[in-house]
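Student: Could we go through this structure together, asking what stands behind each term we use?
Tutor: Gladly. Here it is.

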Amino acid sequence: MSQVLDTPPPTAGAAAETPARLAARYGLTVSGARPSLSEYIRQLWARRHFITAFATAKLTAQYSQAKLGQVWQVMTPLLNAAVYYFIFGVLLGTKHGVPDYIPFLVTGVFVWTFTQSSIMAGTRAISGNLGLVRALHFPRAALPISFALQQLQQLLFSMAALVVILLCVGSPIGISWVLAVPVLTLQFTFNAGISMIMARMGAKAPDIAQLMPFVLRTWMYVSGVMWSIDKTLKHSHLPHTVMVLLQANPAAVYIDLMRFALIDSFHADQLPHHVWAYATGWALLVGVGGFIYFWKAEERYGRG
Amino acid sequence: MADLVHDKPNGERVPTVICDGVDIVYRVNGTGAGRGSATAALNRILSRNQAEKAAGVRRVHAVKNVCFTAYKGEAIGLIGTNGSGKSTLLKAVAGLLPVENGKIYTNGQPSLLGVNAALMSDLTGERNVHLGGLAMGMSREQVKERYQDIVDFSGINEKGDFITLPMRTYSSGMAARLRFSIAAAKDHDVLLIDEALATGDRSFQKRSEDRIRELRRHAGTVFLVSHNNNSIRDTCDRVLWLERGVLRMDGPTEEVLAEYEAFTGGSDKPKGTTAPRPSPPAKPSKQEQKQPGAGKVPLPS
């Protein structure tokens with residue numbers, strides 16, 4: 001390589017050892033190499049406080065310039081629900097046959113928004129934070145997980161609003177409300193996983209961020225956010241496979257489980273068969289699979 | 001690999017960073033090089049293996065075949081005109097940029113002195129100290145323990161209780177001081193410092209230089225990128241001179257700085273007229289080459 005170095009004249013001889021062997025002799029490791037999966041999990045665990053601090057900071061920074069400040073955390077989901085109620089509840093009358101339509105709709109919107117925002121944020125988790133990725137060393141999975149966590153915190157604000165709505169429409173407080181905790185845990189695992197998958201794809205092709213709104217809107221309409229899959233399709237003549245696919249759709253599964261947990265008039269017979277198995281299966285498959293998929297490209301994040 | 005400068009011939013020296021023929025290439029999408037960008041983009045998607053140039057991807061060859069070995073206890077200055085690849089090389093050593101060819105071996109995890117990207121201007125200085133500390137890998141306890149030192153060092157509170165205000169309300173100097181204070185709060189094995197000494201007023205610069213020397217005592221090896229030759233002279237005993245991504249000189253501070261000053265001290269004429277010993281011509285087919293001599297950042301507008 002000495003052709004690039006004409007001054008001073010190379011002092012040959014003394015360093016006849018190759019760099020690789022010299023490195024090996026002193027136990028040096030390749031900089032920026034991907035750690036093993038267990039080592040990666042350990043590093044990620046060591047950064048858990050950063051993950052939570054980053055999520056909270058993002059959440060707080062979001063509305064810090066607004067006059068009403070953090071009130072928007074609750075206002076935004078409520079306004080969202082109001083718009084959907086106006087269109088689907090009042091104008092289109094999708095509510096036929098669904099008792100307690102307002103909580104039904106609002107639960108659907110909030111739970112769906114959690115998944116939707118996690119995917120959108122995940123898509124830009126690496127490509128939108130290249131400055132951070134190029135300045136500091138940390139397991140990159142911290143970013144998509146942190147964004148999913150931020151959305152979870154956002155959802156908890158929304159849930160507070162939802163509780164108020166439930167009490168307003170006279171829905172009784174039931175023991176089944178505690179089911180919301182396992183549902184949220186499973187959904188968070190699923191969201192974090194899909195967020196990591198999208199983060200890797202978005203890091204390679206940032207264009208995906210332009211495409212996602214369309215994919216997500218389609219997904220939203222088939223997930224029964226503002227209509228009841230069970231009631232609407234009971235008497236339809238769709239092929240059996242389509243029915244199964246609609247019911248196995250993870251977004252629909254989490255939405256229905258949350259409705260089952262919170263809304264008194266939403267009964268267990270409205271849930272698809274094996275719904276908890278679906279919920280757990282999706283969470284494990286996407287959560288673990290997404291994590292491994294993301295880790296596989298760990299050393300490549302940050303290239304312009 | 002015969003380019004080691006043996007300024008300390010006695011004893012066995014322990015290497016901490018080894019760069020072995022390192023190339024770093026940035027790829028920039030959609031620069032419109034070649035054809036109209038829409039067709040180019042389609043091309044890029046359809047035929048992955050096609051020449052990147054035709055597909056509208058500009059390759060910026062930022063660092064070319066750089067080899068050096070850094071040893072424990074050394075303070076190494078990195079100099080060169082703007083856009084010559086100094087910061088890029090530093091980031092690659094820190095493991096933050098992938099290398100195209102070659103390998104970089106390091107002892108432990110070198111850390112770049114810089115947390116700017118982790119901080120959020122909408123948050124208070126106080127929360128940014130916590131966030132920045134955690135982002136650098138400090139534990140919550142460490143951050144809590146050093147919080148007061150960081151604030152005191154930055155001098156943000158000298159003129160009132162500013163640490164509880166959002167960072168966007170700070171003057172640029174204040175923000176820079178706080179950023180440096182956060183970044184310098186951690187001890188490192190291999191420390192990489194990128195133009196950190198240029199922040200703040202005179203008194204803060206003095207304090208920063210002291211802190212850098214202190215960090216150097218704790219760290220095994222320090223790399224310092226700076227355009228201030230005096231601060232290089234004060235802190236470094238060895239200097240690497242990068243020019244257009246090529247390692248042009250590697251040697252004791254005074255020797256290299258003398259050559260460098262001769263190179264930059266002259267007019268802005270194309271290189272070779274003032275450089276005593278110009279480097280050999282760069283490898284062919286690098287259409288991303290900078291303007292000769294001007295040394296501007298090569299990224300397209």
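Student: What makes strand 2 of chain B, residues 58-71, mostly covered?
Tutor: Remember first that this is a predicted model. A residue counts as buried if 20 or more other C-beta atoms lie within 10 Å of its own. In strand 2 of chain B, 12 of the 14 residues are buried, so the strand is mostly covered.

Student: And how many residues of chain B count as buried, as a percentage?
Tutor: Chain B has 301 residues, and 48% of them count as buried. Its secondary structure comes to 8 helices and 9 strands.

Student: How do you know that strand 1 and strand 2 of chain B pair?
Tutor: Pairing needs at least two bridges between the strands. Strand 1 of chain B, residues 15-28, and strand 2 of chain B share 10 bridges, so they count as paired. The sense of the pairing is antiparallel.

Student: Which residue of strand 2 is the bridge partner of V17(B)?
Tutor: That is A70(B).

Student: Let's move to chain A. Why are helix 8 and helix 13 of chain A called roughly parallel?
Tutor: Helix 8 covers residues 180-204 of chain A and helix 13 covers residues 275-295 of chain A; they pack at an angle of about 30 degrees. Angles under 35 degrees count as roughly parallel, and therefore helix 8 and helix 13 of chain A are described that way. Their axes are 7 Å apart, and the crossing is left-handed.

Student: What classes of residue make up the contact of helix 8 with helix 13 of chain A?
Tutor: There are 14 nonpolar, 6 polar and 1 charged residues in that contact.

Student: Which residues of helix 4 and helix 7 of chain A make the contact?
Tutor: Helix 4 of chain A brings Q73(A), V74(A), P77(A) and L78(A), while helix 7 of chain A brings Q154(A), F157(A), S158(A), A160(A) and A161(A). By class, this contact of helix 4 with helix 7 of chain A has 6 nonpolar, 3 polar and no charged residues.

Methods: Residues numbered from 1 in each chain as written. Chains lettered and ligands numbered in written order. Predicted model: local features only at pLDDT ≥ 70, side-chain atom pairs only at ≥ 80, totals over all residues. Axes fitted to C-alpha atoms, helices over the stretch in contact; angles between N-to-C directions. Helix = DSSP H or I, 4+ residues; strand = E, 2+ residues; numbered from the N terminus. Parallel < 35°, antiparallel > 145°, perpendicular 65-115°, else oblique. Left-handed = near helix turned anticlockwise from the far one by under 90°. Nonpolar A, V, L, I, M, F, W, Y, C, P; charged D, E, K, R; others polar. Contact = placed C-beta atoms within 7 Å.
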